[in-house]
Every structure is written in C-alpha cells, then in structure tokens.
Amino acid sequence: PPHSPPSASPPTQKNAHILVGVTGSVAALKLPLLVAELLKLPGVEVQVVTTENAKHFYNAGEIPVALHSDADEWQMWKGRTDPVLHIDLRRWADLMLVAPLDANTLAKIASGLCDNLLVSCRKLPLMPSERVSAACAAF
Ligand SMILES: Cc1cc2nc3c(=O)[nH]c(=O)nc-3n(C[C@H](O)[C@H](O)[C@H](O)COP(=O)(O)O)c2cc1C
C-alpha cells in the first residue's frame, strides 16, 4: 500500500536535549522549578551550565540533572587528547535556553566575550539543526 497503516509504530524519535544556562540574577532562585517543569515534557533531557555568581541563588542539591560550571571545564581537560566540556555540551544540546539571562552575561554574549563555561557553550557556529535561544527573564 502507498501509505503505512495507522497501526504502524511511529518512527523512534531522539529525545530533545535542552541545555539550560543560568546566570546571576535573583530569578535564578527559580532554577529548580524551571528544570522540574522542563523534565515534565515528554522526551526532554536537561543539563545545566551555571555561572559562578548564579550559584548564590539555588541549592545544587535541588537540581536533579548534570550541573556544569567553570571548574569542570578545566577538571576534564588536562591534555590534547582530552574532551573539551564546552564543545561536548554544545554538540549535545539541541537548544540552549539561558534563563535567567542577567545584564552582565547579555553584554558578554552581545560583545562576543567567552570567559566562562556558559558563554563558551554558545560561541561556536550553529549547526543547521541547532537553535540557540536566549530568554531575558531577569529584567
Ligand atoms: C542579590 C542580587 C540580585 C541580582 N539580580 C540581578 C538581576 O535580576 N539582573 C541582573 O542583570 N543582575 C543581577 N545581579 C547582578 C549580577 O549578579 C552581577 O552582574 C554578576 O556579575 C553577574 O555575573 P554572571 O553574569 O557571571 O552570572 C544581582 C546581584 C545580586 C547580588
């Protein structure tokens, strides 16, 4: 028959990978809630990359997914053959959501600064299938 019968199984779909970036706005208090709500979406996997200042606003113990920060980048890389965390995260992510995006990190992104793990994650050229989204929740 020209079309699959309705009972045919749907094609297996890869989970959507969302990389949440969190910066030092008071709205970072909501990070545990944001992650919990994202994880309720079917087929969604989440990892978090945080700035050092954002860490003041949430309890890492309340984040049930991988949480990456600047020290991890250099912990992981000791020599030429080692993986580079910001590149691995960039490849893993289908979408990067920076929420909250504080004024400081917005200015870094706007001017191309890459001095921490979070802003390094979004500096690489986009692959055609990838999208980067920035949410301004802080203002
Ligand atoms: C209690 C507190 C609340 C803050 N809230 C905000 C905010 O809502 N929006 C913002 O742009 N900056 C806010 N800041 C300032 C940022 O934390 C500061 O600019 C910091 O350097 C940001 O660093 P980061 O972008 O590396 O996270 C706040 C600072 C403090 C101490």
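Before we start the tour, one definition: Ala, Val, Leu, Ile, Met, Phe, Trp, Tyr, Cys and Pro count as nonpolar, Asp, Glu, Lys and Arg as charged, and the others, Gly among them, as polar. You are looking at a predicted model, where local features need pLDDT of at least 70 and side-chain atom pairs count only at pLDDT 80 or more, while totals for chains, interfaces and linings use all residues. Numbering starts from 1 along each chain as its sequence is written.

**Stop 1: the ligand**

Select the ligand and what surrounds it. Its shell holds 13 residues, with Gly24, Ser25, Thr51, Asp102 and Ala103 the closest; a residue is near a molecule if its C-beta atom, placed from the backbone, lies within 6 Å of it. By type, the shell divides into seven polar residues, five nonpolar and one charged.

**Stop 2: the whole chain**

Now switch to a cartoon view. The chain has five helices and five strands, and from the N terminus on they run β-α-β-β-α-α-β-α-α-β. Helices (H or I, at least four residues) and strands (E, at least two) are DSSP runs, numbered from the N terminus. Of the 139 residues in the chain, 30% are buried. Here, buried means that 20 or more other C-beta atoms lie within 10 Å of the residue's own, exposed means 12 or fewer, and partly exposed is in between, with C-beta atoms placed from the backbone.

**Stop 3: helix α1**

Select residues 31-40, which form α1. Which residues of this helix are buried? They are Leu31, Leu34 and Val35. These three are on the same side of α1 because they cover an arc of only 95° around the axis, the arc being that of the directions from the helix axis to the C-beta atoms. Turn to the face pointing away from that buried side and you will find the exposed residues Leu33, Glu37 and Lys40. The buried residues pack against β1 (16-22) and β2 (44-50). Zoom in on Leu31: leaving aside its neighbours within four places in sequence, it is in contact with Val22, Tyr58 and Ile63. Two residues are in contact if their C-beta atoms, placed from the backbone, lie within 7 Å.

**Stop 4: the core**

Next, color the largest nonpolar core, which has 26 residues. Such a core is a set of buried Ala, Val, Leu, Ile, Met, Phe, Trp, Tyr and Cys residues joined through C-beta atoms within 7 Å. Among those with the most contacts inside it are Leu19, Val35, Val49 and Cys121. At least two residues come from each of β1, α1, β2, α3 (85-92), β4 (95-98) and α5 (117-121).

Then click on Leu89 in helix α3. Is this residue buried or exposed? Leu89 counts as buried because it has 24 C-beta neighbours inside 10 Å. Not counting residues up to four places away in sequence, Leu89 touches Leu19, Gln47, Val49, His68 and Cys121.

**Stop 5: a cis peptide bond**

Go to Ala99 and Pro100, which are joined by a cis peptide bond with omega about -5°. Pro100 lies in the loop between β4 and α4 (103-111). For background, most peptide bonds are trans.

**Last stop: the confidence coloring**

Finally, color by pLDDT, the predictor's confidence in each residue, from 0 to 100. The chain's mean is 86, and 80% of its residues reach 70 or more. Select residues 126-139, where pLDDT stays under 50. The model has 25 contacts beyond four places in sequence for this stretch. Where pLDDT is low, the predicted coordinates should not be read in detail.
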